[in-house]
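Let's take a tour of a protein structure, one piece at a time. Keep the picture open while you read.

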Amino acid sequence: MEARIKYAVLLVGIGIIIALLPFDTSESFRLKSNELLSKSISDSLYLSVDQVAQMMNKEDSTVQLIDLRSAGQFKECNIPGSINIPFDDLLNPRWEGTFNQRRVKKIFYGNGDQTASYAWTIATGLGYKNNFIMKGGLNEWFKTVMLSQFAGEKISPLENAIFENRFNARRAFTQVNSLPDSLKGKYFKAKEIKQLKLDGGCQ
Amino acid sequence: MMDQLKKLRIVILAIGVLLILVIVRYANPTIFKQKVKSAIEATQNNSNIITQDQLNQLTTPYLVIDLGSLTRHNSPLFQHAVQIPFEQLLDKANRKILQDEPGLLILFSEDLATASKAWVILNQMGYKKLRILTPEANPELLKYKFQPDTTARLEQDSM
Amino acid sequence: MGPLSILSELPEWINLLFAFVIGIGFGFSLEQAGFSSSRKLAGMFYGYDTTVLKVFFTAAIVALAGSQLLSYFGLLNLKLVFVNPFYMNSAILGGIIMGAGFIMGGYCPGTGICALSIGKVDAMIFVAGGFFGAYLFAETYPYVQTIAMDNYMGPMRIDAWLGVSPGVFTLLLILAALMLFWLAELAEKKFSRPDITSDL
């Protein structure tokens, strides 16, 4: 029997198996369940609001804050430097580039812990690395960074550092979020353009 | 006909091996087979959470899964509860408990983040009757209002 | 090596080494299929030699089936595989220009370099012409930009457009390929030019 017939039968057989494959791996988690679980139990995936405030003050470029709330809530106030990916839009291919950066820390936050935890688990399950959750979300941010006051007479150097960090973050947060909408738009556009120029490539 | 099949035996062998590998992979229980979209859709409108009050009024059977590791003394609020520390959630014995339960599975943890992560993992493993027990009806509500400073303008001109 | 997940942790130079070896493999397979001969390539248009169709289409279905299987076994992350953005105008116009060049010259860019490497003079001039064409495009880009960028349809995939799953599309493409091969055999008998094919 000719080799061509053999190859043809082989290819059709493989084609039939592929057509009947029971599930589409590109739409499910890439990690196995035990791997995902062992990543989820670690405590190192949480960042406190103080740590995030410090990263924001330093304009740490290895960090990308991701706000998971709706566009309206994002517009009202958000942590400067964050981008808005509404949780329902998480799987949109346009965010693939944001998630797929191995060296950038991606920090998810919502108003509380729940949405951030969902998003963290999904991003890690899909195989992306370097994901973090800001513990407590914006509720904790407001409570600690924006509104906490120092109580007592004497202040230790450590407490001094913490409170200075918080005051700086408070100022930056208030200033950027108080800009009128037109200027806020320009500010974010300018940051976006700077980032695109750094990325290079065609558009 | 048999003659032709005999000539094709290498091809049939190759296809058979492939088929076996495909089936073995499918039968592997640690692989996620659900679409991620379904997890996101299930969280819309907070339809996957349940508050303590709603739990008290629930008439259908349910099992509360306590994901903490400290033994809690039996709270009168949970009628049917079992303790499975989060790290052991996917052990064989625990998976049997989860599969055998006919009613709702209610995930509880003192730390809402842990329960949420467990929810995503179990949802993507195929369990559909899952709820998270939350202290309040909408844990993602922002409790503070931002006060803008209307005299603000950027100090450095970065535009 | 690219989206193959088991190999993605390797250092950069090993990836480049793989690329080099794959390139050698590609050149070798083109050459052993006889694609350094412009008469064999032009035979695809005139109908007396359909080797081009068979080789390239076979490569396509093997790649398609292979990538689907690797993705199923978790070895390949299909999300990382680049899908070209589809500009309808550019695709049609570019295809016409390239097709005309292919038939007139008897080479396409890949086989042109393949023939160049065995020293054929017509391949050298063909490749030079190709570079000149690219230079011309770059220089006149501001004028052709509007036409070239028109009708942008995003990174489209046929299986998404047809609404079938990728697996079913693989089977359809394999069946289509086998049917085309059979038609190609018929065409070869009808349009045969023994004076050329005996020489190849």
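Before anything else, a quick definition: two residues are in contact if their C-beta atoms, placed from the backbone, lie within 7 Å. Also keep in mind that this is a predicted model.

## Where chains A and B meet

With that cut-off, 48 residues of chain A are in contact with 47 residues of chain B. Which elements of chain A give two or more residues to the side that touches chain B? They are helix 1 (3-19), helix 2 (33-40), helix 6 (114-125), helix 7 (137-146), helix 8 (157-178) and helix 9 (181-199) of chain A. Helix 6 of chain A has the largest share, with seven residues.

What kinds of residues are these? On the side of chain A that touches chain B, 23 are nonpolar, 18 are polar and seven are charged.

## A helix with a buried side

Stay with chain A and find helix 3 (residues 49-57). Here Val49(A), Val52(A), Ala53(A), Met55(A) and Met56(A) are buried. Because they cover an arc of only 160 degrees around the axis, they sit on the same side of helix 3 of chain A.

What do these buried residues of helix 3 of chain A pack against? Their partners are strand 1 (46-47), strand 2 (63-67), strand 4 (105-109), strand 5 (131-134), helix 7 and helix 8 of chain A. After helix 3 of chain A comes Glu59(A), which has a positive phi, near 50 degrees.

## The sheet in chain B

Now hop over to chain B, where five strands form an open sheet in the order 1-5-4-2-3, with parallel pairing. Strand 1 (49-51) and strand 3 (81-83) of chain B are at the edges with a single partner strand each, so each has one side without a neighbour in the sheet. From one strand to the next, the twist averages 35 degrees.

Zoom in on strand 1 and strand 5 (residues 130-134) of chain B: they run parallel and are joined by three bridges. Opposite Ile50(B) you'll find Leu133(B), in strand 5 of chain B. Helix 6 (residues 112-125) of chain B packs on the sheet, where it touches strand 4 (104-108) and strand 5 of chain B. The direction of helix 6 makes about 175 degrees with that of strand 5 of chain B.

## Two domains in chain C

Last stop: chain C. Its domain assignment gives domain 1 (1-82 + 165-192) and domain 2 (84-156). Taken over C-alpha atoms, the centres of these two domains of chain C are 20 Å apart.

How values were computed:
Residues numbered from 1 in each chain as written. Chains lettered and ligands numbered in written order. Predicted model: local features only at pLDDT ≥ 70, side-chain atom pairs only at ≥ 80, totals over all residues. Helix = DSSP H or I, 4+ residues; strand = E, 2+ residues; numbered from the N terminus. Nonpolar A, V, L, I, M, F, W, Y, C, P; charged D, E, K, R; others polar. Domains from an automatic or database assignment. Buried ≥ 20, exposed ≤ 12 C-beta atoms within 10 Å, placed from the backbone. Arc of directions from axis to C-beta. Pairing = 2+ DSSP bridges. Axes fitted to C-alpha atoms, helices over the stretch in contact; angles between N-to-C directions.
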